[in-house]
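The following note sets out numbered comments on the structure shown below. Please read them with the sequence at hand.

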Amino acid sequence: MAKLTIDDQEFEFPDGTSLFDACREARGEALPHFCYHPDLPVAGVCRLCQVEVEGMPKLTIACNTGVRDGMVVRTRSEKVTQAVQQILEMHLINHPVDCPICDQAGECGLQDQYMDFGLYESKVEMAAKVNKRKVKVIGPQVILDQERCVLCSRCVRFCQEVTGTGELGIFNRGDRAELDVAPGVELDNNYSLNTVDICPVGALTSRDFRFAKRVWMLKSARGVCPGCATGCNVRIDHEGGRVFRLKPLRNPQVNGSWMCDRGRMTYKAVHDERRLLQPVRDGKDLTWAEASGALAGMLQGRSPALVVIGPHASLEEMYLARDLADPAAVVSGPHDLDRGSGDDILLDGDRSPNRKGLASLGITELGAADLAARVGAAGGPVLVLGGDPGRDKTVAGALAQCANLIAIATHDGPTVQAAALALPGAAWAEKAGTFVNRQGRWQGFAQAVARPGAVRDVWRILAEIQALAHDGSGPQSLRAVRQDLVTSVLSEGELDMDRMPEQGYVPGGGEQ
Amino acid sequence: MSFEGLPIGTAAKKRSFREKLYFPEILRGLGVTIRHLLHNILHTADMPTMQYPEEKRVYSDRFRGRHRLMKREDGSPRCVACQMCSTACPADCIDIVAAEHPDPSIEKYPATFDIDLLRCVYCGLCEEACPCDAIRMDTGIYEIAADKRSSFLVDKEFLLNNTTDGTL
């Protein structure tokens with residue numbers, strides 16, 4: 001342990017802590033910085049995190065200094081403020097100050113630092129600035145603006161250290177130094193949009209989000225990426241009922257600070273044209289009142305003969321659906337096991353977010369042939385939810401033969417086509433729930449946008465089926481469902497699912 | 001302020017016999033009216049009434065009238081769709097959709113720029129927020145009339161070629 005004084009207060013940190021982290025903890029906010037990133041190696045190129053250390057002849061950068069016993073550090077002295085201001089002026093010498101057309105405006109490191117430390121008039125005429133390439137498309141997802149770059153090298157380090165692909169580099173020297181892709185190379189990897197996230201300025205921007213919205217207009221909700229079994233923590237940025245982008249939230253236990261480009265595009269499915277927006281019976285749109293009548297007619301006071309739960313359902317939905325029928329009549333299918341391979345960074349070969357949830361509730365997963373046989377032998381209403389088992393040809397054949405198929409679905413697809421009654425359920429960003437990722441970690445997500453059309457929350461549909469089938473009332477709130485779920489799967493009061501820990505919860509201990 | 005001593009309720013004032021007759025009082029009131037009428041006929045220049053629309057009030061040069069969008073030298077809109085105006089707008093009446101401009105030195109331009117004139121409160125915050133001097137309220141137009149609500153939703157083309165007669 002090292003005892004040191006930061007801004008006249010004593011603190012104790014374990015040996016090996018960087019002074020940057022120590023100052024962040026001591027001050028309650030990070031030092032001004034561009035190049036430091038908790039999940040990247042230290043570069044020390046932006047020179048902004050300068051602090052005054054007693055006994056050192058000059059100011060020193062905190063990110064590249066370790067804590068030492070007896071250190072006396074000042075982070076807010078006049079000398080420090082003046083140094084930061086001068087360095088910031090250097091960073092801005094050739095900056096085009098085109099904030100009005102820059103997508104980063106509103107979440108830009110330069111803007112933030114300038115408001116905190118700058119506030120000076122520029123000494124450089126606009127005409128005297130060194131011009132570089134603007135609007136350079138460097139890959140399928142990313143656009144580069146070399147003028148805006150402050151050469152912090154975060155993106156370069158990301159491509160070297162995290163993906164190991166090394167597409168980006170800083171070329172030339174002095175005020176002609178510029179970020180670029182290596183000659184003949186594109187920034188084309190599945191993690192390229194992370195460079196946009198970590199870019200502290202608007203040098204790298206996303207082609208998908210380009211000019212779509214000014215960032216200060218967006219509202220955010222906490223989510224879990226539904227793209228694969230990894231369950232990266234995301235921030236769902238939305239406005240006016242539309243999701244505009246997903247950004248990774250840092251969770252060192254799951255995804256670090258990153259997420260893959262595939263996962264980022266999963267939001268598009270929420271606003272897909274194939275969304276099921278009305279209850280449908282035999283190709284005709286119904287109102288919910290008519291649909292409830294049809295549902296009652298099909299169930300006739302009985303439980304469904306077979307419930308097929310897919311790994312896209314939330315844990316709460318799985319729990320409700322499991323208890324709709326006899327345990328032997330609740331199964332899952334071979335959903336999404338053939339959708340591609342994973343990599344050893346984040347992407348998992350299993351492209352469904354909640355397969356571990358099925359296992360934690362003891363729901364059997366059947367192969368295609370077995371599931372088709374079970375559907376064929378059901379002899380009563382079959383309820384399908386949480387995925388589209390009809391993507392598999394064998395299962396699709398059996399579903400087509402089933403006369404009493406009820407599907408709760410988000411999108412049109414083979415199962416909805418085969419269904420006698422299709423009910424529109426909320427997609428992932430339109431409901432709150434929990435996914436269990438490949439580590440067995442329970443991770444909660446919140447509702448971001450309003451449900452479109454006649455779409456209903458899936459737990460409400462399941463509660464209605466429960467009421468119809470068991471001639472009683474179903475659960476009244478998601479909170480009640482969650483309390484039951486915790487009591488049944490964990491132990492009572494073990495976890496408050498409405499206040500899930502930020503890093504998720506792994507039942508039975510392990511690495512939290 | 002003290003309410004002490006003030007009468008409570010609406011008890012009627014005692015009227016004199018003359019007041020109870022009504023007619024003398026009515027004639028007295030008509031007398032006041034006729035006196036003003038004759039005064040106005042004889043001194044028309046003192047009359048406060050304005051002969052609008054033949055005669056119009058002169059407003060200050062800084063009067064905020066209907067908006068217009070400024071053009072570049074080549075006639076394209078000066079606006080870069082930064083949406084500072086719609087952010088600043090307290091009435092939320094400006095709707096802009098940005099798009100990619102083929103010229104990388106311009107980069108961003110408004111594909112649509114709609115203002116709902118019925119919502120606008122003519123506060124001028126949009127003008128003030130604009131970093132490119134692209135939106136101005138210096139047309140002096142305040143006579144804004146139409147027979148349909150939808151006519152008050154004006155688009156980019158209209159704002160770029162703002163007419164001065166107030167028709168929509």
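1. The centres of domain 1 and domain 3 of chain A, taken over C-alpha atoms, lie 52 Å apart. Chain A is divided into domain 1 (2–91), domain 2 (127–215) and domain 3 (280–499), with bounds that come from an automatic or database domain assignment. The C-alpha atoms of chain A fill a box of roughly 85 × 50 × 35 Å along the principal axes.

2. This is a predicted model, in which local features need pLDDT of at least 70 and side-chain atom pairs count only at pLDDT 80 or more, while totals for chains, interfaces and linings use all residues. Residues are numbered from 1 along each chain as its sequence is written, and chains are lettered from A and ligands numbered from 1 in the order in which they are written.

3. Chain A holds 14 helices and 23 strands; helices (H or I, at least four residues) and strands (E, at least two) are DSSP runs, numbered from the N terminus. Of the 512 residues in chain A, 47% are buried, a residue being buried if 20 or more other C-beta atoms lie within 10 Å of its own, exposed if 12 or fewer, and partly exposed in between, with C-beta atoms placed from the backbone.

4. In helix α1 (residues 19–27) of chain A, the residues A:Leu19, A:Phe20, A:Ala22 and A:Cys23 are buried. They lie on the same side of α1(A), because they cover an arc of only 160° around the axis; the arc is that of the directions from the helix axis to the C-beta atoms. These buried residues pack against β1 (2–6), β2 (9–13), β3 (50–53) and β5 (72–74) of chain A, where contact requires C-beta atoms, placed from the backbone, within 7 Å. After α1(A) comes A:Gly28, with a positive phi near 85°.

5. Eight strands of chain A form an open sheet with mixed pairing, in the order β15-β14-β21-β20-β19-β16-β17-β18; two strands pair if DSSP finds at least two bridges between them. Its edge strands, β15 (284–285) and β18 (364–365) of chain A, each pair on one side only. Helix α7 (residues 288–299) of chain A packs on the sheet, touching β14 (280–281), β20 (405–409) and β21 (421–424) of chain A, and its direction makes about 135° with that of β21(A). Axes are lines fitted to C-alpha atoms, for helices over the stretch in contact, and angles run from 0 to 180 degrees between N-to-C directions.

6. Within this sheet, strands β16 (residues 306–309) and β19 (residues 382–385) of chain A pair in the parallel sense over four bridges. A:Val307 faces A:Leu383 of β19(A) across this pairing. Helix α10 (residues 368–376) of chain A lies across β16, β17 (330–332) and β19 of chain A, at about 150° to β16(A).

7. The largest nonpolar core has 137 residues, and those with the most contacts inside it are A:Ile309, A:Val382 and A:Ala407. A nonpolar core is a set of buried Ala, Val, Leu, Ile, Met, Phe, Trp, Tyr and Cys residues joined through C-beta atoms within 7 Å. Helix α13 (residues 458–470) of chain A supplies the largest share of this core, eight residues. Another core, of 25 residues, lies apart from it and includes B:Val80, B:Cys89, B:Ile94 and B:Cys126.

8. Chain B has five helices and five strands, running α-α-β-α-β-β-α-β-β-α from the N terminus on. Of its 168 residues, 20% are buried. The assignment for chain B gives domain 1 (15–44) and domain 2 (68–160), whose C-alpha centres are separated by 55 Å.

How values were computed. Contact = placed C-beta atoms within 7 Å.
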